[in-house]
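Take a first look at the chain below. Then read on for a short walk through the model.

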Amino acid sequence: MSRPTEAVTVTDVPEQQRYEARTGDTLAGFAQYIRTAELIAFVHTEVDPAFEGRGVGGALVRASLDAARAAGTSVLAVCPFYSGWIARHPEYKDLLYSGQSQVSD
């Protein structure tokens, strides 16, 4: 028997440097980040085991990447969950940060 899918609400909580995913009032997961003027680095994602397999992680990634796109911010996917998700969703690869080295011979 499968569980009914509950709506997941994703919110940026800048004072905690993370996006939070909630179902109702319950914190279902979060994505920790480090933000600079140039980019947002996603460093850790965690989903409560009670909500695994219910789309919480995907909702976190999609909402945070859509926000980065809207803000014109590049993304550094340090977190393996983020890098794997982006690899499976090529429509988001254009957001990936690629530093341009100023070093020359």
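**A walk through the chain**

Among contacts (heavy atoms within 4.5 Å) in the chain between residues at least 6 apart in sequence, 37% link residues at least 24 apart. This is a predicted model, where local features need pLDDT of at least 70, side-chain atom pairs count only at pLDDT 80 or more, and totals for chains, interfaces and linings use all residues. Residues are numbered from 1 along each chain as its sequence is written, and side-chain values use heavy atoms, with hydrogens and water left out.

The chain has two helices and five strands. Helices (H or I, at least four residues) and strands (E, at least two) are DSSP runs, numbered from the N terminus. From that end, the order is β-β-β-β-α-β-α. Of the 105 residues, 33% are buried (under 20% relative accessible area, with exposed over 50% and partly exposed in between; 1.4 Å probe, protein chains only).

Now turn to L76. It lies in strand β5, residues 74-77. L76 is partly exposed, at a relative accessible area of 35%. Leaving aside residues up to four places away in sequence, L76 touches L39, I40, A41, F42 and Y97. The C-alpha atoms of L76 and L95 are 8.5 Å apart, and 19 residues separate the two along the chain.

V43 sits in strand β4, residues 39-47. V43 is also partly exposed, with a relative accessibility of 31%.
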